[in-house]
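The following exercises are to be worked with the sequence and the 3D structure in view. Each task is followed by a solution in steps.

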Amino acid sequence: MNNQIHFISQYLATAGKSFLEKKSDDSHTNVGFNAGTESLETWGLNEKGLKLVFDLPNFQLKWSTGDSFELDGKIHGQVVQWLKSSSKQIGLEKTYAFELHYDLPFKWSDDFSFTLKNRDKLIELIQLRVLANNVLRDFLKSENLKSDIRIWPHHFDTGAFVELDDGSGISIGLGMAIPDSMVNDHYFYISGYRGHDGIDTSNFKPLSRGEWKNDGFKGAILPTTMLTENDAVKFLSESYVQYIG
């Protein structure tokens, strides 16, 4: 289910790539999570704010105009054909194209299939995105920081990014990542940068929860298992203090 959800998000990313002006940081391809509808959403794709939406609970793609496509039992090639035809029907002038400019961490082809066999797992993944949105929102508010909270389709993390205005030249990246080679679980992370270089954490104080990493990834991580929203906000705040202290 993890790979299916990750792959379906690529339809939204490629819609942004197909219909929006390219941005140097690739942010035209990232997507938002609407906690109210439990859906992933593109940026507005035209002057009327049209969006492509991945309705997670109903496991369907849909345009914000209402036209929808059931994913259960479908393959990638069928989804692409629907996106090409439906985007024309609703008046988008450019042509939709599924063109990725990065590699995904799993193999896929035109017959990559979608099946909703494990609804409990789907609900768990939805709850994790709700948790991530709430934690980042509350942390940013508590520290008086401003950032969009977006899902980046390449690594599929829910993330935020802040350039500090205190003259330090430090920027902070934070979010929730999916399981990878570093952690076999979803996990919260925070890291600091000067320019493109990660800030060394070897002399930072130990955290009450979570741990500092300094080999490859330089920052702090905390797995989501048995984690409350308050715990995660505390972890980010405790880590953040050491970057600005």
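**Exercise 1.** Determine whether Phe7 is buried or exposed.

*Solution.* Buried means under 20% relative accessible area, exposed over 50%, and partly exposed in between, with a 1.4 Å probe and protein chains only. Phe7 has a relative accessible area of 0%, and therefore Phe7 is buried. The model is a predicted one, in which local features need pLDDT of at least 70 and side-chain atom pairs count only at pLDDT 80 or more, while totals for chains, interfaces and linings use all residues. Residues are numbered from 1 along each chain as its sequence is written, and side-chain values use heavy atoms, with hydrogens and water left out.

**Exercise 2.** Classify the aromatic pair that Phe7 and Phe98 form, and locate both residues in the chain.

*Solution.* Step 1: rings of Phe, Tyr and Trp (its six-membered ring) pair if their centres lie within 6.5 Å; planes under 30 degrees apart count as stacked, over 60 as edge-to-face and the rest as tilted. The structure holds 20 such aromatic pairs. Step 2: for Phe7 and Phe98 the centres are 5.7 Å apart and the planes form an angle of 40°, so the pair is tilted. Step 3: Phe7 belongs to helix α1 (residues 2-19), whereas Phe98 is in the loop between α2 (76-89) and α3 (119-142). The two residues are 91 residues apart, and their pair links distant parts of the chain. Helices (H or I, at least four residues) and strands (E, at least two) are DSSP runs, numbered from the N terminus. Step 4: Phe98 counts as buried because its relative accessibility is 14%. Step 5: both residues belong to one aromatic cluster, together with Tyr11, Phe106, Trp108, Phe112 and Phe114.

**Exercise 3.** Describe the surroundings of Thr65.

*Solution.* Step 1: Thr65 is placed in the loop between β4 (60-63) and β5 (68-70). Step 2: with a relative accessibility of 55%, Thr65 counts as exposed. Step 3: leaving aside residues up to four places away in sequence, Thr65 touches Leu50 and Ile90, where contact means heavy atoms within 4.5 Å. Step 4: Thr65 and Ile90 are 25 residues apart along the chain, and their C-alpha atoms are separated by 8.1 Å.

**Exercise 4.** Summarise the protein as a whole: how many helices and strands does the protein have, and what share of its residues is buried?

*Solution.* Step 1: there are four helices and 12 strands. Step 2: buried residues make up 48% of the 245 residues. Step 3: the C-alpha trace spans about 55 × 40 × 30 Å along its principal axes.
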